[in-house]
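Hello,

Here is the structure I said I would pass on. Please open it first and then read the notes below.

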Amino acid sequence: MLIAGAAGEGIQTIGDVVARTALAAGNAVFSTKEYESRIRGGHNSYWIRVREVPGNAPRQTADVLLALNDRAMERYVDVVQRDGLLIAETGEDPRTVTVPFRQIAVERFGAEIYANTIAAGALIATLGLKFVALAGTLAVTFATKGENIVATNIAAAQEGYELAKNRLLGRGFTTLPNRGKSHFLISAHEVIPLAAAYAGCRFISAYPMSPSTGIITALAKDEELGVFVEQAEDEIAAINMAIGASYAGARAMTATSGGGFALMAEGISLSGMTETPLVIVLAQRPGPATGLPTRTAQEDLLFAIHAGHGEFPKAVLAPADPQDAFVKTVRAFDLADRYQIPVILLTDQFLADSRFSYTSFPLPPPPTGDGFADAAAIREYHRYRLADDGISPRLYPGQSEHLVCVDSDEHDELGHISEELRRVRPAMVRKRLTKLDGLRNEICPPEGFHLSGAETIVIGWGSTRGGIREAVENLRATGTPIGAIHFTELWPLPEFSFPEGVCYITVEGNSTGQLARLLTSEYGIKIDGLISRTDGLPITAETVERGVDGQDH
(Lines give C-alpha, C1' and ligand atoms only; values in the text may rest on other atoms or scores of the structure.)
Protein backbone atom coordinates (compact mmCIF):
# COMPACT_ATOMS: atom_id res chain seq x y z
CA MET A 1 0.00 0.00 0.00
CA LEU A 2 1.12 3.53 -0.76
CA ILE A 3 -0.28 6.59 1.00
CA ALA A 4 0.72 9.80 -0.79
CA GLY A 5 0.12 13.49 -0.33
CA ALA A 6 1.74 16.63 0.97
CA ALA A 7 3.38 17.36 4.31
CA GLY A 8 0.71 18.51 6.75
CA GLU A 9 -2.04 16.27 5.31
CA GLY A 10 -1.70 13.65 8.03
CA ILE A 11 0.15 11.00 6.05
CA GLN A 12 2.15 9.95 9.10
CA THR A 13 -1.02 9.49 11.15
CA ILE A 14 -2.80 7.49 8.45
CA GLY A 15 0.23 5.32 7.86
CA ASP A 16 0.79 4.54 11.52
CA VAL A 17 -2.90 3.77 12.10
CA VAL A 18 -3.17 1.47 9.07
CA ALA A 19 0.12 -0.30 9.85
CA ARG A 20 -0.86 -0.97 13.46
CA THR A 21 -4.35 -2.11 12.45
CA ALA A 22 -2.95 -4.64 9.97
CA LEU A 23 -0.52 -5.75 12.67
CA ALA A 24 -3.35 -6.17 15.20
CA ALA A 25 -5.08 -8.49 12.74
CA GLY A 26 -2.12 -10.86 12.93
CA ASN A 27 -0.27 -9.77 9.79
CA ALA A 28 3.43 -9.04 9.38
CA VAL A 29 3.99 -5.41 8.42
CA PHE A 30 6.89 -3.44 6.97
CA SER A 31 6.70 0.32 6.52
CA THR A 32 8.97 3.01 5.15
CA LYS A 33 8.60 6.71 4.42
CA GLU A 34 9.63 9.24 1.81
CA TYR A 35 9.35 12.89 2.71
CA GLU A 36 10.77 16.25 1.72
CA SER A 37 12.68 18.59 4.00
CA ARG A 38 9.84 21.02 4.59
CA ILE A 39 6.98 21.59 7.03
CA ARG A 40 4.14 21.74 4.50
CA GLY A 41 3.73 20.86 0.83
CA GLY A 42 6.01 18.81 -1.39
CA HIS A 43 5.63 15.11 -2.12
CA ASN A 44 5.49 12.71 0.80
CA SER A 45 4.68 9.02 0.84
CA TYR A 46 4.22 6.23 3.34
CA TRP A 47 4.68 2.66 2.07
CA ILE A 48 3.17 -0.27 3.94
CA ARG A 49 3.85 -3.88 3.06
CA VAL A 50 1.57 -6.53 4.58
CA ARG A 51 2.34 -10.25 4.43
CA GLU A 52 1.64 -13.49 6.25
CA VAL A 53 5.32 -13.74 7.18
CA PRO A 54 7.68 -10.77 7.59
CA GLY A 55 8.75 -9.20 4.30
CA ASN A 56 11.16 -6.72 5.80
CA ALA A 57 12.25 -5.02 2.60
CA PRO A 58 10.94 -2.10 0.54
CA ARG A 59 9.12 -2.44 -2.80
CA GLN A 60 8.70 -0.07 -5.73
CA THR A 61 5.21 -1.11 -6.80
CA ALA A 62 1.90 -0.95 -4.97
CA ASP A 63 -1.39 -2.83 -5.03
CA VAL A 64 -3.28 0.08 -3.46
CA LEU A 65 -2.64 3.83 -3.70
CA LEU A 66 -4.38 6.23 -1.34
CA ALA A 67 -3.88 9.68 -2.90
CA LEU A 68 -4.77 12.62 -0.67
CA ASN A 69 -4.55 15.19 -3.48
CA ASP A 70 -4.42 15.38 -7.29
CA ARG A 71 -0.67 15.97 -7.42
CA ALA A 72 -0.07 12.82 -5.40
CA MET A 73 -2.22 10.86 -7.85
CA GLU A 74 -0.27 12.20 -10.83
CA ARG A 75 3.09 11.47 -9.22
CA TYR A 76 2.45 7.94 -7.97
CA VAL A 77 -0.26 6.39 -10.18
CA ASP A 78 2.35 4.72 -12.38
CA VAL A 79 3.64 2.54 -9.52
CA VAL A 80 0.24 0.88 -9.01
CA GLN A 81 -0.24 -2.61 -10.43
CA ARG A 82 -2.66 -2.98 -13.36
CA ASP A 83 -5.11 -4.90 -11.18
CA GLY A 84 -4.58 -2.59 -8.21
CA LEU A 85 -6.85 -0.01 -6.60
CA LEU A 86 -6.76 3.77 -6.38
CA ILE A 87 -8.49 5.52 -3.49
CA ALA A 88 -9.07 9.22 -4.13
CA GLU A 89 -11.66 11.96 -3.77
CA THR A 90 -12.27 11.95 -7.54
CA GLY A 91 -10.91 10.12 -10.56
CA GLU A 92 -11.71 8.69 -13.97
CA ASP A 93 -9.37 5.70 -13.82
CA PRO A 94 -11.54 2.54 -13.67
CA ARG A 95 -9.43 1.30 -10.76
CA THR A 96 -10.53 4.25 -8.59
CA VAL A 97 -12.67 3.94 -5.47
CA THR A 98 -13.91 7.48 -4.83
CA VAL A 99 -14.22 8.66 -1.25
CA PRO A 100 -14.71 12.44 -0.75
CA PHE A 101 -12.63 12.66 2.45
CA ARG A 102 -12.75 16.43 2.93
CA GLN A 103 -16.39 16.87 2.03
CA ILE A 104 -17.48 14.18 4.49
CA ALA A 105 -15.18 15.57 7.18
CA VAL A 106 -16.66 19.06 6.92
CA GLU A 107 -20.31 18.12 6.37
CA ARG A 108 -20.57 15.23 8.83
CA PHE A 109 -17.96 16.09 11.47
CA GLY A 110 -17.54 19.84 11.19
CA ALA A 111 -13.78 20.00 10.49
CA GLU A 112 -11.44 19.03 7.65
CA ILE A 113 -9.00 17.63 10.22
CA TYR A 114 -10.99 14.36 10.19
CA ALA A 115 -10.35 13.78 6.48
CA ASN A 116 -7.29 11.64 7.11
CA THR A 117 -9.18 9.41 9.59
CA ILE A 118 -11.90 8.90 6.95
CA ALA A 119 -9.16 8.02 4.46
CA ALA A 120 -7.68 5.51 6.90
CA GLY A 121 -11.07 3.84 7.23
CA ALA A 122 -11.38 3.60 3.45
CA LEU A 123 -7.94 2.03 3.15
CA ILE A 124 -8.67 -0.54 5.85
CA ALA A 125 -11.87 -1.47 3.98
CA THR A 126 -9.89 -2.23 0.81
CA LEU A 127 -7.87 -4.74 2.83
CA GLY A 128 -10.99 -6.53 3.99
CA LEU A 129 -10.02 -6.18 7.63
CA LYS A 130 -12.69 -5.94 10.33
CA PHE A 131 -13.51 -2.44 11.51
CA VAL A 132 -13.18 -3.43 15.16
CA ALA A 133 -9.40 -3.71 14.68
CA LEU A 134 -9.25 -0.17 13.32
CA ALA A 135 -11.46 1.16 16.11
CA GLY A 136 -9.11 -0.34 18.70
CA THR A 137 -6.08 1.26 17.05
CA LEU A 138 -7.77 4.66 16.92
CA ALA A 139 -8.74 4.41 20.59
CA VAL A 140 -5.08 3.93 21.51
CA THR A 141 -3.85 6.60 19.06
CA PHE A 142 -6.11 9.35 20.40
CA ALA A 143 -6.39 8.18 24.01
CA THR A 144 -4.67 11.28 25.40
CA LYS A 145 -7.01 13.63 23.48
CA GLY A 146 -10.13 12.74 25.43
CA GLU A 147 -13.19 10.53 24.92
CA ASN A 148 -14.97 12.92 22.52
CA ILE A 149 -11.98 13.04 20.16
CA VAL A 150 -11.66 9.26 20.26
CA ALA A 151 -15.37 8.79 19.53
CA THR A 152 -15.38 11.32 16.67
CA ASN A 153 -12.34 9.75 15.01
CA ILE A 154 -13.86 6.27 15.25
CA ALA A 155 -17.10 7.57 13.72
CA ALA A 156 -15.20 9.32 10.93
CA ALA A 157 -13.17 6.22 10.18
CA GLN A 158 -16.35 4.11 10.06
CA GLU A 159 -17.86 6.54 7.56
CA GLY A 160 -14.90 6.05 5.22
CA TYR A 161 -14.82 2.32 5.89
CA GLU A 162 -18.48 1.73 5.02
CA LEU A 163 -18.41 3.96 1.93
CA ALA A 164 -15.33 2.25 0.48
CA LYS A 165 -16.65 -1.20 1.40
CA ASN A 166 -19.92 -0.58 -0.46
CA ARG A 167 -18.11 0.77 -3.52
CA LEU A 168 -15.81 -2.26 -3.57
CA LEU A 169 -18.70 -4.75 -3.90
CA GLY A 170 -18.27 -6.87 -7.00
CA ARG A 171 -14.72 -5.66 -7.69
CA GLY A 172 -13.18 -9.06 -6.88
CA PHE A 173 -10.26 -7.52 -5.00
CA THR A 174 -8.25 -9.95 -2.86
CA THR A 175 -8.51 -9.11 0.82
CA LEU A 176 -6.38 -10.00 3.82
CA PRO A 177 -7.44 -12.66 6.30
CA ASN A 178 -7.32 -12.06 10.04
CA ARG A 179 -4.35 -14.30 10.76
CA GLY A 180 -4.26 -14.17 14.56
CA LYS A 181 -0.44 -14.12 14.73
CA SER A 182 1.56 -11.81 16.96
CA HIS A 183 4.15 -9.49 15.43
CA PHE A 184 5.57 -6.22 16.65
CA LEU A 185 6.96 -3.25 14.71
CA ILE A 186 10.21 -1.44 15.43
CA SER A 187 12.86 0.65 13.65
CA ALA A 188 16.63 0.48 14.02
CA HIS A 189 16.77 3.94 15.57
CA GLU A 190 14.16 2.92 18.14
CA VAL A 191 16.34 -0.09 18.97
CA ILE A 192 19.73 1.64 19.24
CA PRO A 193 18.89 3.70 22.39
CA LEU A 194 17.58 0.55 24.11
CA ALA A 195 20.65 -1.43 23.08
CA ALA A 196 22.98 1.33 24.26
CA ALA A 197 21.39 1.36 27.72
CA TYR A 198 21.42 -2.46 27.78
CA ALA A 199 25.15 -2.36 26.97
CA GLY A 200 25.81 -0.05 29.93
CA CYS A 201 25.98 3.32 28.18
CA ARG A 202 25.52 6.11 30.73
CA PHE A 203 26.24 9.26 28.70
CA ILE A 204 25.35 10.64 25.28
CA SER A 205 26.10 14.08 23.91
CA ALA A 206 24.90 15.08 20.46
CA TYR A 207 23.74 17.95 18.32
CA PRO A 208 20.45 17.26 16.48
CA MET A 209 20.95 16.31 12.83
CA SER A 210 18.60 14.22 10.70
CA PRO A 211 18.35 11.29 10.59
CA SER A 212 20.21 10.70 13.88
CA THR A 213 18.10 12.97 16.10
CA GLY A 214 15.68 10.27 17.23
CA ILE A 215 18.46 8.48 19.14
CA ILE A 216 19.23 11.31 21.55
CA THR A 217 15.52 12.20 21.73
CA ALA A 218 14.58 8.68 22.82
CA LEU A 219 17.28 8.60 25.49
CA ALA A 220 16.21 12.02 26.77
CA LYS A 221 12.54 10.99 26.99
CA ASP A 222 13.05 7.72 28.83
CA GLU A 223 14.79 8.43 32.13
CA GLU A 224 14.41 4.78 33.16
CA LEU A 225 17.15 3.91 30.67
CA GLY A 226 19.58 5.68 32.98
CA VAL A 227 21.55 7.54 30.31
CA PHE A 228 22.61 11.14 30.99
CA VAL A 229 21.78 13.24 27.92
CA GLU A 230 23.46 16.47 26.87
CA GLN A 231 22.44 18.41 23.76
CA ALA A 232 25.72 20.07 22.84
CA GLU A 233 26.10 23.39 21.03
CA ASP A 234 27.71 21.67 18.04
CA GLU A 235 29.20 18.36 16.94
CA ILE A 236 32.74 19.32 17.98
CA ALA A 237 31.56 19.84 21.54
CA ALA A 238 29.44 16.68 21.37
CA ILE A 239 32.29 14.31 20.59
CA ASN A 240 34.67 15.95 23.05
CA MET A 241 32.08 15.75 25.84
CA ALA A 242 31.61 12.06 25.08
CA ILE A 243 35.36 11.48 25.17
CA GLY A 244 35.52 13.32 28.50
CA ALA A 245 32.74 11.20 29.94
CA SER A 246 34.47 8.03 28.80
CA TYR A 247 37.80 9.19 30.28
CA ALA A 248 35.94 9.80 33.55
CA GLY A 249 34.69 6.22 33.63
CA ALA A 250 31.26 6.20 31.90
CA ARG A 251 30.43 4.26 28.76
CA ALA A 252 29.67 7.07 26.30
CA MET A 253 28.42 7.69 22.79
CA THR A 254 27.47 10.38 20.32
CA ALA A 255 25.25 10.36 17.22
CA THR A 256 25.23 12.47 14.07
CA SER A 257 24.98 12.47 10.29
CA GLY A 258 27.56 13.20 7.59
CA GLY A 259 28.01 16.95 8.08
CA GLY A 260 28.29 16.60 11.84
CA PHE A 261 30.63 13.64 11.49
CA ALA A 262 32.92 15.82 9.38
CA LEU A 263 33.22 18.19 12.34
CA MET A 264 33.97 15.23 14.63
CA ALA A 265 37.02 14.06 12.66
CA GLU A 266 39.59 15.65 14.98
CA GLY A 267 37.78 14.23 18.00
CA ILE A 268 37.96 10.75 16.48
CA SER A 269 41.73 11.14 16.30
CA LEU A 270 41.74 12.34 19.92
CA SER A 271 39.94 9.14 20.92
CA GLY A 272 42.51 7.17 18.93
CA MET A 273 45.54 8.89 20.45
CA THR A 274 44.32 8.87 24.04
CA GLU A 275 42.95 5.33 23.58
CA THR A 276 39.61 6.38 25.04
CA PRO A 277 36.63 4.12 24.16
CA LEU A 278 33.87 5.82 22.20
CA VAL A 279 30.82 4.76 20.15
CA ILE A 280 29.73 7.05 17.31
CA VAL A 281 26.49 6.52 15.38
CA LEU A 282 26.83 7.90 11.85
CA ALA A 283 23.35 7.97 10.30
CA GLN A 284 23.94 8.47 6.59
CA ARG A 285 22.00 10.74 4.25
CA PRO A 286 22.89 11.93 0.74
CA GLY A 287 25.60 14.59 0.53
CA PRO A 288 27.73 16.49 -0.01
CA ALA A 289 27.07 19.43 2.34
CA THR A 290 23.37 19.58 3.33
CA GLY A 291 22.53 17.23 0.45
CA LEU A 292 19.10 15.64 0.84
CA PRO A 293 18.45 15.90 4.60
CA THR A 294 15.48 13.51 4.71
CA ARG A 295 16.59 10.85 2.22
CA THR A 296 18.80 7.78 2.44
CA ALA A 297 22.24 6.88 1.09
CA GLN A 298 25.36 4.78 1.65
CA GLU A 299 27.88 7.48 0.79
CA ASP A 300 29.98 7.58 3.98
CA LEU A 301 31.59 4.13 4.10
CA LEU A 302 35.11 5.14 3.12
CA PHE A 303 34.78 8.40 5.06
CA ALA A 304 34.02 6.43 8.23
CA ILE A 305 36.88 4.00 7.70
CA HIS A 306 39.42 6.77 7.06
CA ALA A 307 38.00 9.42 9.43
CA GLY A 308 40.60 11.21 11.50
CA HIS A 309 44.17 12.28 10.81
CA GLY A 310 47.10 10.00 11.45
CA GLU A 311 47.03 6.24 11.84
CA PHE A 312 45.18 4.48 14.64
CA PRO A 313 42.79 1.53 15.01
CA LYS A 314 39.02 1.86 14.82
CA ALA A 315 36.09 -0.43 14.00
CA VAL A 316 33.22 0.23 11.59
CA LEU A 317 29.97 -1.76 11.87
CA ALA A 318 26.89 -1.42 9.62
CA PRO A 319 23.70 -3.13 10.84
CA ALA A 320 21.22 -4.49 8.29
CA ASP A 321 17.97 -4.22 10.28
CA PRO A 322 16.68 -3.49 13.82
CA GLN A 323 17.59 -6.92 15.20
CA ASP A 324 21.09 -6.51 13.80
CA ALA A 325 21.21 -2.92 15.09
CA PHE A 326 20.67 -4.15 18.65
CA VAL A 327 23.44 -6.72 18.32
CA LYS A 328 25.84 -4.32 16.63
CA THR A 329 25.23 -1.55 19.18
CA VAL A 330 26.03 -3.88 22.08
CA ARG A 331 29.03 -5.14 20.13
CA ALA A 332 30.21 -1.59 19.45
CA PHE A 333 30.40 -0.78 23.17
CA ASP A 334 32.10 -4.09 23.91
CA LEU A 335 34.77 -3.61 21.22
CA ALA A 336 35.29 0.04 22.14
CA ASP A 337 35.92 -0.88 25.79
CA ARG A 338 38.11 -3.91 25.26
CA TYR A 339 40.30 -2.39 22.54
CA GLN A 340 40.09 1.21 23.82
CA ILE A 341 39.18 2.58 20.39
CA PRO A 342 36.46 4.57 18.62
CA VAL A 343 33.79 2.34 17.05
CA ILE A 344 31.54 3.77 14.33
CA LEU A 345 28.03 2.40 13.82
CA LEU A 346 26.86 3.17 10.26
CA THR A 347 23.10 3.48 9.85
CA ASP A 348 21.04 5.56 7.40
CA GLN A 349 17.71 7.30 6.94
CA PHE A 350 16.13 4.07 5.67
CA LEU A 351 16.96 2.27 8.92
CA ALA A 352 15.90 5.30 10.96
CA ASP A 353 12.42 5.63 9.46
CA SER A 354 11.51 2.08 8.37
CA ARG A 355 9.72 -0.25 10.76
CA PHE A 356 10.25 -4.00 10.61
CA SER A 357 8.08 -6.90 11.86
CA TYR A 358 9.34 -9.47 14.33
CA THR A 359 7.72 -12.29 16.28
CA SER A 360 10.68 -12.51 18.68
CA PHE A 361 13.75 -10.45 19.42
CA PRO A 362 16.50 -12.51 21.07
CA LEU A 363 19.03 -10.38 22.93
CA PRO A 364 22.80 -10.88 22.88
CA PRO A 365 24.61 -11.08 26.21
CA PRO A 366 25.63 -7.66 27.56
CA PRO A 367 29.33 -6.77 27.60
CA THR A 368 31.23 -8.57 30.35
CA GLY A 369 33.12 -6.38 32.79
CA ASP A 370 33.53 -2.63 32.68
CA GLY A 371 36.74 -2.43 30.66
CA PHE A 372 38.84 -1.21 33.58
CA ALA A 373 41.87 -2.85 35.13
CA ASP A 374 41.99 -4.02 38.74
CA ALA A 375 43.69 -1.09 40.43
CA ALA A 376 44.52 -3.16 43.53
CA ALA A 377 46.65 -5.51 41.45
CA ILE A 378 48.81 -2.71 40.03
CA ARG A 379 51.90 -1.49 41.92
CA GLU A 380 53.17 1.09 39.42
CA TYR A 381 50.61 2.35 36.93
CA HIS A 382 51.55 3.00 33.30
CA ARG A 383 48.48 4.13 31.35
CA TYR A 384 50.15 3.30 28.03
CA ARG A 385 52.21 0.31 29.08
CA LEU A 386 53.63 -1.47 26.06
CA ALA A 387 51.76 -4.76 25.77
CA ASP A 388 52.00 -7.62 23.29
CA ASP A 389 48.38 -7.13 22.22
CA GLY A 390 48.61 -3.32 22.28
CA ILE A 391 45.99 -3.02 25.04
CA SER A 392 47.22 -1.19 28.15
CA PRO A 393 45.58 -1.25 31.59
CA ARG A 394 42.90 1.44 31.81
CA LEU A 395 41.87 3.24 34.99
CA TYR A 396 39.76 6.36 35.44
CA PRO A 397 40.70 9.35 37.62
CA GLY A 398 39.71 8.81 41.24
CA GLN A 399 39.33 5.07 40.87
CA SER A 400 42.40 4.54 43.04
CA GLU A 401 45.51 6.28 44.30
CA HIS A 402 47.17 5.81 40.90
CA LEU A 403 47.72 8.88 38.75
CA VAL A 404 45.82 8.64 35.45
CA CYS A 405 47.64 10.74 32.89
CA VAL A 406 46.55 11.01 29.24
CA ASP A 407 47.61 13.41 26.52
CA SER A 408 46.70 14.15 22.91
CA ASP A 409 50.37 14.75 22.13
CA GLU A 410 52.56 11.72 21.61
CA HIS A 411 53.37 10.33 25.03
CA ASP A 412 55.41 7.76 26.89
CA GLU A 413 54.07 4.78 28.83
CA LEU A 414 53.18 6.95 31.82
CA GLY A 415 51.15 9.30 29.63
CA HIS A 416 53.59 12.22 29.71
CA ILE A 417 54.32 14.18 26.52
CA SER A 418 57.35 12.82 24.72
CA GLU A 419 59.28 13.77 21.60
CA GLU A 420 61.74 10.94 21.95
CA LEU A 421 61.62 10.07 18.25
CA ARG A 422 63.95 7.08 18.09
CA ARG A 423 62.34 4.97 20.80
CA VAL A 424 59.03 6.24 22.16
CA ARG A 425 57.22 7.38 19.00
CA PRO A 426 57.81 4.18 16.94
CA ALA A 427 56.94 2.01 19.95
CA MET A 428 53.65 3.85 20.56
CA VAL A 429 52.65 3.71 16.88
CA ARG A 430 53.28 -0.05 16.85
CA LYS A 431 51.43 -0.47 20.15
CA ARG A 432 48.28 1.24 18.87
CA LEU A 433 48.24 -0.50 15.50
CA THR A 434 48.92 -3.93 17.06
CA LYS A 435 45.32 -3.81 18.31
CA LEU A 436 44.17 -4.29 14.71
CA ASP A 437 45.49 -7.87 14.73
CA GLY A 438 43.24 -8.95 17.59
CA LEU A 439 40.35 -6.83 16.34
CA ARG A 440 40.50 -8.35 12.86
CA ASN A 441 40.22 -11.83 14.38
CA GLU A 442 37.00 -10.80 16.14
CA ILE A 443 35.28 -9.16 13.17
CA CYS A 444 32.42 -11.30 11.88
CA PRO A 445 32.78 -12.57 8.31
CA PRO A 446 30.11 -11.64 5.77
CA GLU A 447 26.96 -13.72 5.36
CA GLY A 448 26.61 -15.89 2.27
CA PHE A 449 23.33 -16.78 0.55
CA HIS A 450 23.04 -19.48 -2.14
CA LEU A 451 26.75 -19.42 -2.98
CA SER A 452 26.91 -23.04 -4.09
CA GLY A 453 26.57 -23.21 -7.88
CA ALA A 454 26.18 -19.45 -8.25
CA GLU A 455 27.59 -17.92 -11.44
CA THR A 456 26.84 -14.37 -10.32
CA ILE A 457 27.25 -13.10 -6.76
CA VAL A 458 25.95 -9.74 -5.63
CA ILE A 459 27.74 -8.15 -2.68
CA GLY A 460 26.14 -5.60 -0.39
CA TRP A 461 26.54 -4.02 3.01
CA GLY A 462 24.42 -2.57 5.78
CA SER A 463 20.77 -1.75 5.16
CA THR A 464 20.56 -3.23 1.63
CA ARG A 465 20.33 -6.83 2.87
CA GLY A 466 16.53 -7.14 2.72
CA GLY A 467 16.26 -5.97 -0.87
CA ILE A 468 19.22 -8.08 -1.98
CA ARG A 469 17.96 -11.29 -0.38
CA GLU A 470 14.51 -10.87 -1.88
CA ALA A 471 15.99 -10.20 -5.32
CA VAL A 472 18.20 -13.29 -5.11
CA GLU A 473 15.22 -15.47 -4.18
CA ASN A 474 13.15 -14.01 -7.04
CA LEU A 475 15.92 -14.45 -9.60
CA ARG A 476 16.68 -18.00 -8.49
CA ALA A 477 12.98 -18.85 -8.85
CA THR A 478 13.33 -17.94 -12.55
CA GLY A 479 16.41 -20.13 -12.98
CA THR A 480 19.14 -17.52 -12.58
CA PRO A 481 22.18 -19.07 -10.82
CA ILE A 482 22.82 -16.21 -8.40
CA GLY A 483 23.93 -15.82 -4.80
CA ALA A 484 24.83 -13.01 -2.42
CA ILE A 485 27.48 -11.99 0.10
CA HIS A 486 26.58 -9.37 2.68
CA PHE A 487 28.86 -7.39 5.00
CA THR A 488 27.73 -5.86 8.31
CA GLU A 489 31.20 -5.50 9.84
CA LEU A 490 33.41 -3.53 7.49
CA TRP A 491 36.57 -2.47 9.28
CA PRO A 492 38.95 -4.00 9.79
CA LEU A 493 37.89 -6.55 7.18
CA PRO A 494 38.17 -10.17 8.36
CA GLU A 495 39.86 -13.06 6.65
CA PHE A 496 37.43 -14.37 4.01
CA SER A 497 37.69 -16.69 0.99
CA PHE A 498 35.66 -15.55 -2.00
CA PRO A 499 34.40 -18.19 -4.46
CA GLU A 500 36.42 -18.24 -7.66
CA GLY A 501 35.25 -18.12 -11.27
CA VAL A 502 32.11 -16.04 -10.69
CA CYS A 503 30.90 -12.59 -11.70
CA TYR A 504 30.90 -10.16 -8.77
CA ILE A 505 28.53 -7.18 -8.63
CA THR A 506 28.30 -4.80 -5.68
CA VAL A 507 24.95 -3.25 -4.71
CA GLU A 508 25.39 0.16 -3.09
CA GLY A 509 23.57 3.38 -2.26
CA ASN A 510 26.37 5.46 -3.74
CA SER A 511 27.65 6.27 -7.23
CA THR A 512 31.35 5.40 -6.95
CA GLY A 513 31.18 1.80 -5.67
CA GLN A 514 32.82 2.42 -2.30
CA LEU A 515 32.46 -1.18 -1.16
CA ALA A 516 33.87 -2.37 -4.48
CA ARG A 517 36.92 -0.16 -4.02
CA LEU A 518 37.39 -1.40 -0.47
CA LEU A 519 37.13 -5.08 -1.43
CA THR A 520 39.53 -4.65 -4.34
CA SER A 521 42.01 -2.86 -2.08
CA GLU A 522 41.83 -5.28 0.83
CA TYR A 523 41.12 -8.65 -0.83
CA GLY A 524 42.43 -8.09 -4.35
CA ILE A 525 39.27 -9.44 -5.97
CA LYS A 526 37.93 -8.14 -9.27
CA ILE A 527 34.50 -6.51 -9.12
CA ASP A 528 32.75 -6.86 -12.47
CA GLY A 529 29.83 -4.49 -12.01
CA LEU A 530 28.02 -2.00 -9.82
CA ILE A 531 24.32 -1.62 -9.10
CA SER A 532 23.96 1.81 -7.53
CA ARG A 533 21.10 3.99 -6.38
CA THR A 534 21.72 7.68 -5.80
CA ASP A 535 18.21 9.20 -5.87
CA GLY A 536 17.83 9.15 -2.08
CA LEU A 537 15.50 6.13 -2.10
CA PRO A 538 16.31 2.68 -0.67
CA ILE A 539 17.65 -0.35 -2.54
CA THR A 540 14.72 -2.62 -3.43
CA ALA A 541 14.49 -6.08 -4.94
CA GLU A 542 13.47 -4.41 -8.23
CA THR A 543 16.62 -2.28 -8.12
CA VAL A 544 18.77 -5.39 -7.86
CA GLU A 545 16.82 -7.48 -10.38
CA ARG A 546 16.96 -4.78 -13.05
CA GLY A 547 20.62 -4.16 -12.31
CA VAL A 548 21.54 -7.83 -12.63
CA ASP A 549 19.61 -8.13 -15.89
CA GLY A 550 21.42 -5.08 -17.25
CA GLN A 551 24.95 -6.26 -16.44
CA ASP A 552 27.23 -7.64 -19.13
CA HIS A 553 28.32 -10.93 -17.56
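Strand E8 (residues 201-206) runs parallel to strand E10 (residues 251-256), and three bridges join the two. Please keep in mind that this is a predicted model. Within this pair, Ile204 stands opposite Met253 in E10.

E8 and E10 belong to an open sheet of seven strands, in the order E9-E8-E10-E11-E13-E12-E18. The pairing in this sheet is mixed. In general, strands of a sheet pair through backbone hydrogen bonds, and they do so either parallel or antiparallel. Strand E9 (228-231) and strand E18 (489-491) are the edge strands, each pairing on one side only. On average, neighbouring strands of the sheet are turned by 20° against each other, direction ignored.

A helix also lies across part of this sheet. Helix H13 (residues 322-339) lies across E8, E10, strand E11 (278-284), strand E12 (315-317), strand E13 (342-348) and E18. H13 runs at about 160° to E13.

The other contact is between two helices. Helix H1 (residues 11-24) packs against helix H5 (residues 131-141) at an angle of about 130°, and their axes are 9 Å apart. Angles over 145 degrees would count as roughly antiparallel and 65 to 115 as roughly perpendicular, so H1 and H5 are oblique to each other. The crossing of H1 past H5 is right-handed.

Which residues of H1 and H5 meet? From H1 they are Val17, Arg20 and Thr21, and from H5 they are Ala133, Leu134, Thr137, Leu138 and Thr141. By class, this contact has four nonpolar residues, three polar and one charged.

Regards

How values were computed: Residues are numbered from 1 along each chain as its sequence is written. This is a predicted model: local features need pLDDT of at least 70, side-chain atom pairs count only at pLDDT 80 or more; totals for chains, interfaces and linings use all residues. Side-chain values use heavy atoms; hydrogens and water are left out. Two strands pair if DSSP finds at least two bridges between them. Helices (H or I, at least four residues) and strands (E, at least two) are DSSP runs, numbered from the N terminus. Axes are lines fitted to C-alpha atoms, for helices over the stretch in contact, and angles run from 0 to 180 degrees between N-to-C directions. Contact means heavy atoms within 4.5 Å. Angles under 35 degrees count as roughly parallel, over 145 as roughly antiparallel, 65 to 115 as roughly perpendicular and the rest as oblique. A crossing is left-handed if the near helix is turned anticlockwise from the far one by less than a right angle, and right-handed if clockwise. Ala, Val, Leu, Ile, Met, Phe, Trp, Tyr, Cys and Pro count as nonpolar, Asp, Glu, Lys and Arg as charged, and the others, Gly among them, as polar.
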